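Here's a quick briefing on aromatic contacts.

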Amino acid sequence: MTRSLLKTAVLALLATIATVATAACGGDDDPNVVVIGPNEPVQIRTLLSGTGASRAAVEMAVGDFGLIHGHEVELGAPVDAMCSREGGHEGADEIVDDPLVLGIVGTSCSVAAVAASPTVSVAGLVMISPSNTSPVLTSDLRGNAGGSYHPGYFRVANNDLYQGQAVAGFAYDELGLRRMVALHDGDPYTSALATAFREEFRARGGRVPTIGVIEKGQTDMRDVLREFTIAEPDGIFFPIFSAEAEHFMRQARESNRLRDATFISADGALGAEFLALPESEGLYFAGPPTHEGSNFNNATGRTADEALAAFETDYSEFAHLTPFWAHAYDAATLLLAAIERAAVRDDGNFLTRLLGIDEEGTLRVDRASLRGAVRAVSTDFSGLTGRLSCDDFGDCAPGVQVIYHHTDSSVTDPGELSVAYRFEP
């Protein structure tokens, strides 16, 4: 055998050995390991809904975070979850079809997450939501998993159980209300929040004689208003979305017997369009703090004031539409920081160097390790929305809630509303 043929045979044998070793160690053929080659981007996606403010905040966060071990981050085209079960399911299917995607920022609405999270979990991905709040997605905060909890799901918005405590405490202790009714539309977010409020309000000694139920898209509120009139409440808690809340408030204001009741809504209606309605004047809203300037995101170095100024400059059309843009920024940076922590650089081995194959810059990310990295990074993660620390069920937010008082319909920026009450667990 000539020297050249011998060299060829040896190289072939070494290549076979390397292939077997790589497979045994969970390398390129392992579906749970994403390999990012030299000059290839890190792939993440958004699965959001609504105004576009959250997507814009994610784009800003990606730009502020910069490269991950020399690799650019690619967001791809937005995938719309449409704030629905169908949108969440179809959007998740579309994203997991790409084997190079590592994580998702989404969803906006809890109902979409209930449909999306099983698919995302089975695929091994991480999904971090900026604004889901339903307890069913995580836990009851007492160590019991929610009915729709799936590994790999995290969120930087507060569990609604905290908001239920905040509303009940404000209504009972601050406003002196003793007999309240609540309203939801069957959505995992609205129904869980109405139930959480009822339990907390009753625990304080208050009465909740009825919880009314409407349907999404419903415009005629006469039946539920009649039910509330019979109950004779001194307060009404209606944590529904703005489209239905508009019809509810307009018709409620026409009722002589409910006109003097105190109305409290939640962050599902806390947006510019609803705040502009004359009927919204006098309402209280429960939600997260909209802006605390001294907070800073330690993944990018931006303070909340700096981030807001940049957001207002670069995305002025979205800046005052929702309080959740900062949550989207934090969700994106938490995901990127976890990817950076979980990624392992692979600059080749003796065989690739012998064969002249340049693998410098290759990253390998084990998806299981990425889930662990989210929790690890969050143990010391400061965000625009405050300190984040993810528990075993994916709740990462600190639980702080505030109650806003809206007195002037010409004020449509949630960040400009006065704060009547602050809750910290």
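Tyr172, Phe197, Phe201 and Phe237 make up one aromatic cluster. Rings of Phe, Tyr and Trp (its six-membered ring) pair if their centres lie within 6.5 Å; planes under 30 degrees apart are stacked, over 60 edge-to-face, and the rest tilted. By this rule there are 14 aromatic pairs.

Ground rules
- This is a predicted model, with local features needing pLDDT of at least 70 and side-chain atom pairs pLDDT 80 or more, while totals for chains, interfaces and linings use all residues. Residues are numbered from 1 along each chain as its sequence is written, and side-chain values use heavy atoms, leaving out hydrogens and water.

Phe238 and Phe263
- These two pair edge-to-face, at 6.2 Å centre to centre and 85° between the planes.
- Phe238 sits in the loop between strand S10 (235–237) and helix H8 (242–253), and Phe263 in strand S11 (262–265), so the pair ties together parts 25 residues apart in sequence. (Helices are DSSP runs of H or I, at least four residues; strands are runs of E, at least two; both are numbered from the N terminus.)
- Phe238 is buried, with a relative accessible area of 0%, and Phe263 is buried at 3%. (Buried is under 20% relative accessible area, exposed over 50%, partly exposed in between, with a 1.4 Å probe and protein chains only.)

Phe274 and Phe285
- Ring centres 6.0 Å apart and planes at 85° make this pair edge-to-face.
- Phe274 is in helix H9 (272–275) and Phe285 in strand S12 (284–287), eleven residues apart.
- Both Phe274 and Phe285 are buried.

A charge over a ring
- Back at Tyr172, the charged end of Arg178 sits over the ring, 3.6 Å from its centre. (This needs NZ of Lys or CZ of Arg within 6 Å of the ring centre and within 35 degrees of the ring normal.)
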